[in-house]
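Have the viewer open and follow along.

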Amino acid sequence: MSKDKLIIFDTTLRDGEQSPGASMTSDEKVRIAKALERMRVDVIEAGFPIASNGDFEAVKAVASVIKDSTVCGLARAKKIDIDRAGEAIKPANSGRIHTFIATSPIHMEQKLRLSPDQVLEQAVAAVRMAKKYTDDIEFSPEDAGRSEPDFLCRVIEAVIKEGATTINIPDTVGYNIPHQFGGLIKDLIERVPNSDQAIFSVHCHNDLGLAVANSLSSVLNGARQVECTVNGLGERAGNAALEEIVMAVRTRQDVFDCDTNLDSTQIMNCSRLVSGITGFAVQPNKAIVGANAFAHESGIHQDGVLKSRETYEIMRAQDVGWSANKIVLGKHSGRNAFKTRMAELDIVFDSEEELNEVFARFKDLADKKHDIFDEDLQALVTETSIELHNEPINLISLSVCSETGETPNARITLNVDGEEKQAQASGGGPVDAAFQAIEKIAESGVELLLYSVNNITTGTDSQGEVTVRLKHNGHIVNGQGADTDIVIASAKAYVNALNKMIARDQRTHPQQDKF
Ligand code: KIV
Ligand code: ZN
C-alpha cells in the first residue's frame with residue numbers, strides 16, 4: 001500500500017526570523033530559500049509582508065526565484081495584510097496565503113477584544129479576501145492549543161466552506177502535551193463535517209521542549225502537514241526542528257503511515273547556512289545536526305560501531321549530509337576546482353565579481369590554513385555577501401597589542417559612510433580593546449548582550465566564527481564574523497551587528513494586533 005505524503009512547511013524565514021536578533025536581509029532569505037528548495041521542502045513561508053517594506057520585498061524576491069516549492073506569505077485576518085501578502089506572492093509559480101486569527105478565550109478577550117462570533121466572521125471574511133489572489137489558502141486559529149474544541153470545530157468548518165485548503169492547528173505558546181495534542185487533531189478531523197476537503201497541519205512551539213513530540217503525535221493522528229524550522233529556530237524556545245521531524249518519520253517507517261519527499265542529504269547544508277546567517281549556533285548535542293550527533297566517545301560504543309554500525313547508530317551520518325566534513329581544497333586548488341566544489345555545495349554566485357571576490361578570499365585563507373573544508377567555504381560566502389552589501393561601516397584594519405603584564409591595546413581604522421576614521425583604545429583583553437576602539441568611532445550606545453566564539457572546523461588553524469548580540473532601544477541584532485584570527489573575527493562581527501542595527505526595520509510583529 002502506498003503511503004500518504006507528509007507535507008513539510010518550513011517557516012525558518014518567518015517564525016524563525018522572529019527569534020530576537022535573527023533578522024535576515026532579503027539576499028540572505030533568498031539564499032536560505034534556494035537551499036530549502038534544493039532540500040525539496042514543499043512550502044516555504046518567506047515572511048510577513050505587512051510587517052515592513054523589507055519583509056514585503058523579501059517575500060517577493062523569494063517568490064520570484066523559487067520554482068519548485070510553494071512560496072507562502074503570512075497575513076492576519078485583515079484586508080490590509082491579505083492584500084500585501086497577495087501582492088508579495090504574485091511572482092510565485094505556486095503561491096499560498098496563510099491567514100490567521102486567535103481563537104482562544106484569553107486571546108479573543110484580552111488581545112483582540114472580539115466576541116467568538118466576531119472572530120468567526122473575520123476568519124471567514126479573510127479566507128474570502130485571500131481567494132482573490134490564490135486558491136491555495138491556509139487558515140490558522142492562533143493559540144488553538146488553548147482554544148475550546150467546540151468553537152474550533154465551528155471556525156474550521158466555516159473557513160473550509162469558504163475555500164481554505166489547509167487548516168493549521170498551532171500550539172502557539174507550547175503548552176500542549178503529546179497524547180493530548182494528538183487527541184485534539186484526531187477529534188477535529190472526526191468532528192468537522194467537511195474535514196476531508198482540507199489538509200490538517202500542525203505548528204508547535206517548544207516552550208516545554210515538546211514541539212517535535214507534539215508534531216509527531218499529531219501526524220500519528222492524521223495531520224499531513226508539519227510546520228517546522230531548520231535547527232528549531234523560532235519565537236522564544238523555537239519551533240519544531242525540521243531535521244528531527246523528517247528523520248524521525250523516515251527512521252521509524254514501521255510506525256508512521258506517511259513519509260516526506262525531502263532530500264535528507266541536504267539537511268547539514270541547510271543547518272550550517274541558517275546558523276551562519278542568523279548567528280544562532282547549534283549546540284553540540286543537538287539531535288541530527290549537532291557536532292556530537294554521530295560522535296562516539298565511549299570505548300564500548302566505538303568498539304561496537306566498528307564491528308557493526310547499527311549497534312549504536314540508528315541513522316547513517318551521510319544520509320543527513322555529514323559526510324561533507326573532509327578536506328576539500330587547499331593552497332594549490334585552482335579556480336576551476338573551487339568553482340566545482342562551490343557548485344557541488346549548490347552555492348551560486350550572483351555575479352562574476354562575487355565569484356572573483358570569494359575566490360580571492362579563498363586564496364588568502366589557504367595561505368593561512370592548510371586544509372579548507374566545506375564549512376570554511378560556506379563561511380567565506382556569508383562573509384563576502386555581507387561585505388559586498390555596501391554597508392555604512394567597514395573594517396579597514398585592526399592592530400592589537402597584547403602582552404603579559406600589559407594592558408591590551410587596539411588601533412582600528414574604519415570606513416564610515418565613505419570616510420576613513422581611526423581610533424585607539426585599551427581594554428580588559430584584546431577583544432574588549434578592539435570593541436572599545438570601534439565604539440570610540442561609532443558612539444552607538446549599544447549594549448553587548450552576547451559574545452561567543454566557535455571554531456568552524458577543528459585544529460588551531462581553524463577559522464573562529466564569532467557571534468555578537470547587541471541591543472539598542474529595545475531592538476536586538478546578531479552580527480557574525482569569521483577569520484583565522486579571532487580578534488579580527490570579533491571586530492568583523494561587531495561591525496556587522498552595528499550595520500544590522502543601522503538597517504533594522506521597525507517591524508510589526510504578527511502576534512501583535514495593533515498598528
Ligand atoms: O505560533 C503561531 O501561532 C503562529 C501563527 C501565525 C501560525 O506562528
Ligand atoms: Zn509560531
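Start at Ile393, which faces Val416 in β14. That pair belongs to a stretch where β13 and β14 (residues 409–416) run antiparallel, joined by 8 bridges. Strands here are DSSP E runs of at least two residues and helices are H or I runs of at least four, numbered from the N terminus; two strands pair if DSSP finds at least two bridges between them.

This is a predicted model, so to speak of a local feature takes pLDDT of at least 70, side-chain atom pairs count only at pLDDT 80 or more, and totals for chains, interfaces and linings use all residues. Residues are numbered from 1 along each chain as its sequence is written, chains are lettered from A and ligands numbered from 1 in the order written, and side-chain values use heavy atoms, leaving out hydrogens and water.

Zoom out a bit and you get an open sheet of 3 strands, ordered β13-β14-β15 with antiparallel pairing. β13 (393–401) and β15 (419–426) are its edge strands, each pairing on one side only. Neighbours in this sheet are turned by 15 degrees against each other on average, direction ignored; axes are lines fitted to C-alpha atoms, for helices over the stretch in contact, and angles between N-to-C directions run from 0 to 180 degrees.

Now the helices. α15 (residues 430–442) lies across β13, β14 and β15, at about 135 degrees to β15, with contact meaning heavy atoms within 4.5 Å. α16 (residues 486–503) lies across β13 and β14, at about 150 degrees to β13.

Another open sheet of 3 strands has the order β16-β17-β18, again paired antiparallel. In it, β17 (residues 464–472) meets β18 over 9 bridges, with Leu470 opposite Val477 in β18.
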